[in-house]
Amino acid sequence: MVVEPSDATTLPTWRRQSFLLPAMPTVAVKLYSVFFKFLLKNRLQNRILAPAEESNPFGVTTRPDETVAAANPSFSDGVATKDIHIDNLTSLSVRIFLPDSALSPEPNIKPSPKSEPGSGGSETASSRLARRNSYEPSVLTPREETRRSSVGEYRGYLPAPDSCRKKLPVLLQFHGGGWVSGSNDSVANDLFCRRIAKLCDAMVVAVGYRLAPENRYPAAFEDGMKVLNWLAKQANLAECSKSLGGRKSEGHNKHIVDSFGASMVEPWLAAHGNPSRCVLLGVSCGANIADYVARKAVEAGKRLDPVKVVAQVLMYPFFIGSVPTHSEIRLANSYFYDKAMCMLAWKLFLPEGEFSLDHPAANPLVPGQGPPLKQMPPTLTVVAEHDWMRDRAIAYSEELRKVNVDAPVYEYKDAVHEFATLDILIKSPQAQVCAEDIAIWVKKYISLRGHEFSY
């Protein structure tokens, strides 16, 4: 028995043609794929054969051989970044990407009064800003918002406590890597998140979840949900701090601190984050985490207030099942991540004794998973023509559409798995086009009313 999506003519699948782009995969990509698969397969086999170590809940979020990009809290290239360790009991961390568009004032500025006769018809800066759309450059420069802390050493961006700055949507991103590799601060993921932050005009929070086999399922999924709860906590703390900041007690401003006296409020999120417009974006296995977090957010409902997941993007999700699809048969030996190698990754990720290709973490079409699909947020699915996992992702999207969920599929011709996020491919024209397509769709759900198509 072979599972396949319905007749393609009934699917609202949008195929991105590459009329002006070089054909993919090229000879160089094919050669690199062979080298990539050889190294990754050896690493996976060595980890499977290695003696089982005692489980360490703290875990790891990156590998020693991973090339990482250092955080840069200044707007040197249009996006400032910072790393935050958010869980004292585990290695869970996030990297925040803040585009410099956050430095512009809120777009709903009241127009200034008409100029008096004889004024020459000059207009103020506020009236000019009121007419700007969300993609025009900011009048203010990052330098105006950069200041030192009380210690005198910190030279990164630090919002002024009394500033009224633009609130940006929050995009929660989960990196790929087959559960056992990858990181939120890798060079490729850093470049991808910077690109998405600029194109979507959003604050990106890249999650550094714990990797397998040190921490098997459900560690990565729980980490994803912890970050969503952390966003809700930060939003509530920021609101409390704002209300306390308006009052003074014995000449001192009140603020919320932990037991060590450090501020519990993350300043970038407090000044610029709008969690009521939250989008989940998952890459490869990160798409599985994003879908899980979306389901849990639906179940949590108002308990997550003010966080509201308004949409999710699943980029070539790491779905699999016991009943093969046509693409799993025809493309089993595809580029970079073939089916045999992914099976090794699943064996390292799922707990021993629980390995099943129809595990809820692996197959979203298994009956009995909650909540009902009709309650799921709008879901954009990105698939590649030469990816053996494509058919099951399309089938999942089709099930969402059956219950009237906005769930388009963007299929990219001549593309391979992780064509828009892998280190060797991320600077390709097709990777840039994919990011732009995602931004156009996402802006329908995160833009302020009247600015949905201001790209």
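Predicted model: local features only at pLDDT ≥ 70, side-chain atom pairs only at ≥ 80, totals over all residues.
1. Start with the cavities. The structure holds 2 of 30 Å³ or more.

2. Helix 1 (27-49) and helix 8 (339-349) each supply at least two lining residues. Helix 8 gives the most, with 3. By class, the lining has 8 nonpolar and 3 polar residues, and no charged ones.

3. Now the salt bridges. The structure holds 20. One of them joins Glu214 to Arg63, with the closest N and O atoms 2.7 Å apart. Glu214 sits in the loop between strand 5 (203-208) and helix 4 (219-245), and Arg63 in the loop between helix 1 and strand 2 (79-85), so the pair ties together parts 151 residues apart in sequence. Glu214 is partly exposed, at 29% relative accessibility. Arg63 is buried, at 9%.

4. Arg216 and Glu352 also meet in a salt bridge, at 3.8 Å from N to O. Arg216 lies in the loop between strand 5 and helix 4, Glu352 in the loop between helix 8 and strand 10 (379-384), so this pair links parts 136 residues apart in sequence. Arg216 is partly exposed, with a relative accessible area of 23%. Glu352 is exposed, at 65%.

5. Glu411 pairs with Arg390 in a salt bridge, the closest N and O atoms being 2.8 Å apart. Glu411 is in strand 11 (residues 409-412) and Arg390 in helix 9 (residues 390-402), so the bridge ties together parts 21 residues apart in sequence. Both residues are buried.

6. Finally, a network. Salt bridges with shared partners join Asp77, Asp83, Arg95, Asp190 and Arg194.

Notes. Residues numbered from 1 in each chain as written. Heavy atoms only, no water. 1 Å grid on protein atoms, 1.4 Å probe; cavity = no way out; pocket = protein on both sides within 12 Å on 5 of 7 lines; lining within 4 Å. Points joined across faces, edges and corners; volume = space filled by probe spheres on them. Helix = DSSP H or I, 4+ residues; strand = E, 2+ residues; numbered from the N terminus. Nonpolar A, V, L, I, M, F, W, Y, C, P; charged D, E, K, R; others polar. Salt bridge = Lys/Arg side-chain N within 4 Å of Asp/Glu carboxyl O. Buried < 20%, exposed > 50% of the residue type's maximum accessible area, 1.4 Å probe, protein only.
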